[in-house]
Amino acid sequence: MIDNNQFNDNDKEIDLLKPNEEINEVIKEEKKSAIKEYFSCFKLDSKSIATNAIIAAMYVALTYAFFFCSYGQLQVRVSEFLMILAFFNPNYIIGLTLGCLLSNIYSVTMGLTLLDMLFGTLATFISAFLMSLCKHLFLSTLIPAVINGIIVGAELTFILETDLSSKNVPILFWTNFGFVVLGEIIAISVIGYIFFMSTIKGTKGRFLKVINAKRNLNFKF
């Protein structure tokens with residue numbers, strides 16, 4: 001004998017699943033749209049190339065202008081405040097990374113070898129990329145501090161300590177980590193944050209148009 005109640009219960013379960021499936025589809029579409037929107041910021045037109053070239057030049061110029069505090073174990077690279085540009089437009093990751101690479105050429109003369117050109121630039125690229133994904137301005141400024149602290153801190157430890165089996169290695173790493181983090185916080189979380197916040201507020205948001213902001217237009221300070 002067929003139990004009609006069983007069929008009714010099955011129908012109810014199917015009806016309950018339909019809204020969940022629809023929600024999942026909406027979530028998938030939103031994710032696809034967000035990814036598409038993100039990568040649409042990257043362009044290779046003449047304007048984009050020129051803008052990234054200017055950003056790279058500014059990064060190099062500021063690094064060399066403050067060369068006395070831009071390199072070494074204890075450094076405050078003032079040019080790093082430009083990293084905040086990636087928070088508003090991922091396309092600027094290119095110019096920032098290129099600027100760091102060119103700036104780190106000078107680090108070879110400081111005895112930091114070619115490792116700084118490789119790992120220092122890698123740290124900048126990763127930091128800028130993660131900043132472009134962040135939604136909170138101040139929190140985004142802490143990302144380069146952590147990333148550079150780990151990568152550059154390890155790099156400096158490797159350069160300064162030839163005997164990696166030494167008990168001094170952990171102490172040296174955390175010392176380098178602390179110095180790098182402190183320098184990044186001063187350059188980005190203090191100088192950069194204050195500059196961008198005051199400029200955006202002072203121009204009533206018009207500065208966002210000047211830097212061609214594509215993301216985080218309604219960001220949280």
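Trainee: What makes a set of residues the largest nonpolar core here, and which residues have the most contacts inside it?
Mentor: A nonpolar core is a set of buried Ala, Val, Leu, Ile, Met, Phe, Trp, Tyr and Cys residues joined through side-chain atoms within 4.5 Å. In this predicted model, the largest such core has 37 residues, and those with the most contacts inside it are Ile84, Leu85, Phe88, Leu96, Phe196 and Ile211. Two or more core residues come from each of helix 2 (46-65), helix 3 (85-88), helix 4 (92-103), helix 5 (115-133), helix 6 (137-160), helix 7 (168-202) and helix 8 (206-210). Helices are DSSP runs of H or I with at least four residues, numbered from the N terminus.

Trainee: How are the residues numbered, and what is counted in a predicted model?
Mentor: Numbering starts from 1 along each chain as its sequence is written. Local features need pLDDT of at least 70 and side-chain atom pairs count only at pLDDT 80 or more, while totals for chains, interfaces and linings use all residues; side-chain values use heavy atoms, without hydrogens and water.

Trainee: Why is Phe88 called buried?
Mentor: Buried means under 20% relative accessible area, exposed over 50%, and partly exposed in between, with a 1.4 Å probe and protein chains only. Phe88 has 0%, so Phe88 is buried. Ser132, in helix 5, also has a value of 0% and therefore counts as buried.

Trainee: And why is Met197 called partly exposed?
Mentor: Met197, in helix 7, has 22% relative accessibility, so Met197 counts as partly exposed.

Trainee: What is Ser132 in contact with, leaving aside its neighbours within four places in sequence?
Mentor: Contact means heavy atoms within 4.5 Å. On that basis, and with those neighbours left aside, Ser132 is in contact with Tyr38, Ala86, Phe87, Pro90, Ile93, Arg215 and Asn216.

Trainee: Why is the pair of Phe87 and Phe88 called edge-to-face?
Mentor: Rings of Phe, Tyr and Trp (its six-membered ring) pair if their centres lie within 6.5 Å; planes under 30 degrees apart count as stacked, over 60 as edge-to-face and the rest as tilted. The search of the whole structure finds 13 aromatic pairs. For Phe87 and Phe88 the centres are 5.0 Å apart and the planes stand at 90 degrees, so the pair is edge-to-face. Ring pairs also link Phe81, Phe87, Phe88, Phe195, Phe196 and Phe207 into a cluster.

Trainee: What makes a space a cavity or a pocket, and how many cavities of 30 Å³ or more are found?
Mentor: On a 1 Å grid over the protein atoms alone, a cavity is a set of points where a 1.4 Å probe fits but cannot get out; a pocket is an open set with protein on both sides within 12 Å along at least five of seven lines, and lining residues have an atom within 4 Å of a point. One cavity of 30 Å³ or more is found. The largest cavity holds about 150 Å³, and of its 18 lining residues, Gln75, Arg77, Asp116, Asn148 and Val152 are the closest to its centre.

Trainee: Which helix gives the most to the lining of the largest pocket?
Mentor: Helix 2, with six residues. The largest pocket has about 420 Å³ of space and is lined by 23 residues, with Thr51, Ile55, Tyr92, Ile211 and Asn212 nearest its centre.

Terms used. Grid points are joined across faces, edges and corners, and a volume is the space filled by probe spheres set on the points.
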